[in-house]
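I opened my notebook for an afternoon of looking things up, one entry per topic. Please keep the structure open beside these notes.

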Amino acid sequence: MRAIPLKSFTSLAVLGLLVTGCGQGLLGGGDGAGQTAAGKEEPIVLGMLIPQSGSEAAIGPYMSNAAQLAIDEINAKGGVLGRKLELKTADDGCDAQSAAAGANKLVTEGIDVSVGGYCSGATLPTLPIFGKAGIPMIIPAANSQELVDQKLKHVFLINGTGSQQAAAAEKWITKQGSKSVALMHDNTSYSKDIALRTQALLEAPGGAEAAVTEAVTPKESDYSANITNVLAKKPDFVYWTGYFQEGGLIARQLRQAGYKGSIMVGDGSVSPKLVEIAGAEAAEGLYATMTQTPDTLEGAEGWIDAYKKKYGAEPGPYSNQAYDAVRLAAEAVTKAGGTDGTKVIAALEAIDGFPMFSGPLKFTPEHTLANGGFQILVVKSDKFALQDSLK
């Protein structure tokens, strides 16, 4: 799906957001919610659960910075329904217990829409918490098929799903002519789901042989036993579906063990940190299944410059999705005429053609993207670059 040019974002990012009026507060209810006793409009509060600690903490700033960039742009044009947007973040540490605590914190703080969610295993326990509070969820990154299988009306994914990522992986592996594939995961909902779905596709008639499916224990420093098990099956392709901390170690230790075949990682491993952990030599030529990143977006140079000007650093993985999550939340609140959760959900379901970096948005009945947008990246000179759009 072709990304829309940045000049279109400049005019469309705030299209329809300058309507004045008073919405209904999601938790307050009734006419006039959203106003203080003095009649001053209260902000519309967006909540974002992201990893700010732990092994995936490098991703958190990319997402919160981009979300704040979108909020600042919208507020500079008058906000939404005459009200300013405000962002509140909470640390989930990519941990289920921490995520549940963070979700409850955001509910207590009175958020109107959730625009976070990176690790699927941490996002899953937050679904009922936000659901009970009547808070719509626009999830920019977490994409385990298990999130979709819950079939919850308040949950919307704007990243490709696990099944769509598995289909992209199988397509690329087959295109490479691989005959024997090792699938490695970390037993989390996200990682295991992609590995097993890829295995099923590979083992279908005409597919490559899934030689071994190996589960590792996260947060270890030595995966030599797992790698010995994998290499005993003599695979010509290894696909790691977990996160970058372990992915970098596994790539490095595979090469140290003498493995010469192809290595590919899932979208949770697409980070400059993976290259740093693996080392430049081991990371060079490594493939990845991934949706759009700032570096692979057509026409996004102006947006990247705006991010760099504000934060003094390059935008990273999931910054563009987080930016779009805020814009989509603003659009839905505008269409709903306020922050009433039921009306915002209905507005999201009715979205048709809303411009995002991934292309015009229209949700499927399952509240997912019709086209996952997965492509193949490759590490070249220490950076992930586009290898194949799989179109």
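**Entry 1: the model.** I am working from a predicted model.

**Entry 2: the cores.** I started with the nonpolar cores. The largest one has 105 residues. I listed the members with the most contacts inside this core: Leu46, Met63, Val115, Met264, Val326, Leu328 and Phe384. Which helix gives the largest share of this core? I found that helix 14, residues 319-336, supplies ten residues. I also noted a second, separate core of 21 residues, with Val45, Leu49, Ile129 and Val155 among its members.

**Entry 3: Leu46.** I then looked up what Leu46 touches, leaving out residues up to four places away in sequence.

**Entry 4: Tyr239.** This residue sits in strand 8, which spans residues 237-240. Is Tyr239 buried or exposed? I count Tyr239 as buried, because its relative accessibility is 0% and the cut-off for buried is under 20%. Setting aside neighbours within four places in sequence, I found Tyr239 in contact with Gln165, Ala169, Ala182, Leu183, Met184, Ile194, Thr198, Met264, Val265, Gly266 and Thr289.

**Entry 5: helix 13.** In this helix, residues 301-311, I found Trp303, Ile304 and Tyr307 buried. Why do they lie on the same side of helix 13? They do so because they cover an arc of only 100° around the axis. Glu301 and Lys309 are exposed on the other side.

Entry 6: Lys219 is one, with a phi of about 70°. I placed Lys219 in the loop between strand 7 (209-215) and helix 9 (224-231), and at 65% relative accessibility it counts as exposed. Asp382 is another, with phi near 75°. Asp382 lies in the loop between strand 13 (375-380) and strand 14 (383-388), and its relative accessible area of 43% makes it partly exposed.

Note on methods
Residues numbered from 1 in each chain as written. Predicted model: local features only at pLDDT ≥ 70, side-chain atom pairs only at ≥ 80, totals over all residues. Heavy atoms only, no water. Helix = DSSP H or I, 4+ residues; strand = E, 2+ residues; numbered from the N terminus. Buried < 20%, exposed > 50% of the residue type's maximum accessible area, 1.4 Å probe, protein only. Contact = heavy atoms within 4.5 Å. Arc of directions from axis to C-beta. Core = buried A, V, L, I, M, F, W, Y, C linked by side-chain atoms within 4.5 Å.
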